[in-house]
Amino acid sequence: MESEQQKRLRASRRAVIKLGTGIVTGGDGQFNDAHLEPVARTIARLKKDGRQIVLVSSGAVGLGRGRLGLHRDRLNDMVMRQACAAVGQSLLMHEYEKLFQTHGVQLAQVLLTEGDFVDRTRYSNLRETMEALLKLGVLPVVNENDTVSTAELDYLNIRAGERIFSDNDRLAALVMSHIEADLLVLLTDVDGLMQLGPSRSNEGGANVIPLVEEITPELKSLALGPSEGGRGGMLTKLEAAEIAMQAGGVAVIANGTRADALGQIFDGEPTGTVFLSKTRMAGKRRWIAYAAGVRGRVIVNAGARDALTGGKASLLASGVTSVEGEFDAAEVVSIVDAEGLEFARGISDYSRGDAQGFIGNGSHAPGGSAAAGAPGKRATVLVKRDNIVLLDRK
């Protein structure tokens, strides 16, 4: 009898497949045909079976470095990484064109920046473009536009909560969430999430965790830092899997150096680590939690925090002690407690200036509660409940 994970893997009709740097390029900065030919062959088969596939590929910076003959240490410089990306993007697409042409698969290059996710109009336009490409039977090849965007390249100076995507793992998960795909596949050069962390010394994947239904702090402790050639270590893959689970989909981390790995995943055969969701967050709420740019902070008192986390209350001005940063109405703000811990995000109904005025002039319900004001008392709602998403900060 098929397990739930086997059923969902076999039934998936739309998938995002992310290829890590260690799969796309070799140590010499050259395109790795040995790894990618089986991937291309499997993708062609999947498309013939009626599945829709989006490919998110790393490797542009590495290919550019190889073409320019630069030492890896030169990539610590941001401008040099951008230059390598500019050279490598065309090389990457050229190699993919040659690879997929033999299988009759048409490609489209999709280069994204954070603005394509932060801005709701561009976010909608992206969805429409991807839908059109998939209906045409084209294979979109997605990457961040590294030549003009520094968010992904600046991996040496990433601060938590300030970036929409800082690696292609998270980018792939956001694309998967946005196009309502069933499956996210992260192909890397390790066998999956290991009991003691990913290690090539675990021959045969004996210590691979086969199934994850909840990403806990203990699970995150197993993750290691970034790999040598790429930006995304196992922790970023867990974060990507978490986004996929919130989207109601399935995520798989598997070893892409194995020729049969991708085919086994779609056939429902055991390989790598499978992340199986139990719940699904609505699309708008996923955008607030993961894709929207946070423009400011709203600091609330203990009563407001309790009301927000314990019920279905909106955030009233009475529960806010101060606001920070510059933001306009309809922009996303971080909601933090008195200790500075972010526990929610939401779309503000007002700009920072208006919000400060409401906090200071008494035009809100008394008592420090985030719940609706008492009858007959004026209560200014800064963030409506439908526009608030609680964050899991365990």
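How are α8 and α10 oriented relative to each other? They are roughly parallel, a label for angles under 35 degrees, with over 145 counting as roughly antiparallel, 65 to 115 as roughly perpendicular and the rest as oblique. This is a predicted model: local features need pLDDT of at least 70, side-chain atom pairs count only at pLDDT 80 or more, and totals for chains, interfaces and linings use all residues. Residues are numbered from 1 along each chain as its sequence is written, and side-chain values use heavy atoms, with hydrogens and water left out.

**The helix pair**
- α8 and α10 pack at about 5°, and their axes lie 8 Å apart. (Axes are lines fitted to C-alpha atoms, for helices over the stretch in contact; angles run from 0 to 180 degrees between N-to-C directions.)
- Helices (H or I, at least four residues) and strands (E, at least two) are DSSP runs, numbered from the N terminus.
- Asp169, Arg170, Ala173, Leu174, Met176 and Ser177 of α8 are in contact (heavy atoms within 4.5 Å) with Thr236, Lys237, Ala240, Ile243 and Ala244 of α10.
- By class, this contact holds six nonpolar, two polar and three charged residues. (Ala, Val, Leu, Ile, Met, Phe, Trp, Tyr, Cys and Pro count as nonpolar, Asp, Glu, Lys and Arg as charged, and the others, Gly among them, as polar.)

**The nonpolar cores**
- A nonpolar core is a set of buried Ala, Val, Leu, Ile, Met, Phe, Trp, Tyr and Cys residues joined through side-chain atoms within 4.5 Å.
- Buried means under 20% relative accessible area, exposed over 50%, and partly exposed in between (1.4 Å probe, protein chains only).
- The largest nonpolar core has 52 residues. Val16, Val142, Val175, Leu184 and Phe275 have the most contacts inside it.
- The largest share of this core, seven residues, comes from α10.

**The open sheet**
- Five strands form an open sheet in the order β11-β9-β12-β13-β15, with mixed pairing. (Two strands pair if DSSP finds at least two bridges between them.)
- β11 (320–324) and β15 (388–390) are the edge strands, each with a single partner, so one side of each has no neighbour in the sheet.
- β9 (residues 294–300) pairs with β11 in the antiparallel sense over four bridges.
- Ile299 has Ser322 in β11 as its bridge partner.

**A buried loop residue**
- Asn32 sits in the loop between α2 (21–24) and α3 (33–48).
- Asn32 is buried, at a relative accessible area of 16%.
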